[in-house]
Amino acid sequence: TWRVMSTLSESAVRTALSRVDDPEIGKPITELGMVKSVTLDGNNVAVEIYLTIAGCPLKNTLIRNTQAAVEELDGVGTVTVTTDVMSDEQRRTLRQALRGTDSEPVIPFAQPNSTTRVFAVASGKGGVGKSSMTVNLATALAARGLNVGILDADIYGHSIPHMLGSDARPHQVDDMIMPPIAHGVKIISIGHFVEGNTPVIWRGPMLHRAIQQFLSEVFWSDLDILLLDLPPGTGDIALSVAQLVPSAELLIVTTPQAAAAEVAERAGAMSQQTRQKVAGVIENMSAMVMPDGSVVDVFGSGGGQMVADRLSTLTGTKVELLGSVPLDPALRIGADDGNPIAITAPDSHTGAALNAIADKLAMRRESLAGRPLGLGVVPH
């Protein structure tokens, strides 16, 4: 009888491990120097992996994913995964591999070669649902397979972690801040750095420095989309974001009410001073669909279109009303429970409206048509 020899080898195991990404960094553990050892005993495999820090919040996910990858190999027996912790020197090497050796962190989204689309979610006044829109759009975009982050820049009204159901805290790897992940979205908030529900009482320069640190020192990895939840109005934070990330586009949130629309228009008109593009207008708390199917315009109607039309005139470019999101108690409940309606009930009236807006944001804003590609071709 012919006996088929096992093809199991350390090389095969390491190839399998190259398909395991570190859940925080988004790169293969083999590439990051996180595989400490691979030991074969017959067809049994023992793998030891390095954690970046002792209390790594995604340790169990990393162990599960490593085990699953090795168990897929033909002829494998028992798979054991254990962990060790990186030394300070290894962490420094990892940081240099990810960030380079620059002593001063740079803002990746402000670099000319950045492929991240940055949206600053703004409004003229509070209470129009900016944070709700940010959280629902972010999770809807992440559900499409995009790499998404939220910077909770609403210094005085930070609420993003709660709305995503996250009480995890950031941690440091060397001098990089690793953000928590909730519903597939990386998040950083001023709320992560204050005790309990303490109010943040800071002046402009401190606020500017905090936003600068969030943009430069947080390891966001390769984001497709970054959403910034701005405080209401046109104050320090909005100006800092425009200065630090000039390519950030404004998403203006308003309600259908005419008075709210006028205020939202002011936030959008700021783009003329800061030379930012307005990506579009979102009308929140639109008509409420009653259980019998009838519709009630609790806050009036037309405010969103009014803002879009007025900003189109002011900026000289077409500003689109991206969508109208119904006034829906389920949206509020989802935010309170940390389960955004855009992903928990995508087929509801509200979920569908939010997902339709996410579809528009997911599209690239420009093609390469007519742009110089810098291929070094010299015209004769």
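Modeller: The model is predicted, so local features need pLDDT of at least 70 and side-chain atom pairs count only at pLDDT 80 or more, while totals for chains, interfaces and linings use all residues. Residues are numbered from 1 along each chain as its sequence is written, and side-chain values use heavy atoms, with hydrogens and water left out. Helices (H or I, at least four residues) and strands (E, at least two) are DSSP runs, numbered from the N terminus.

Helix 10 spans residues 329-337, and its buried residues are L331, G334 and A335; buried means under 20% relative accessible area (1.4 Å probe, protein chains only). These residues lie on the same side of helix 10 because they cover an arc of only 100° around the axis, the arc being that of the directions from the helix axis to the C-beta atoms. An α-helix has 3.6 residues a turn, so residues three or four places apart point the same way.

The two ends of helix 10 complete the picture. At its start, the backbone nitrogen of A330 has a side-chain oxygen of D328 within 2.8 Å. Just after helix 10, G338 adopts a positive phi of about 80°.

Conventions: Buried < 20%, exposed > 50% of the residue type's maximum accessible area, 1.4 Å probe, protein only. Polar contact = N/O pair within 3.5 Å; in protein donor to acceptor, adjacent residues only side chain to side chain.
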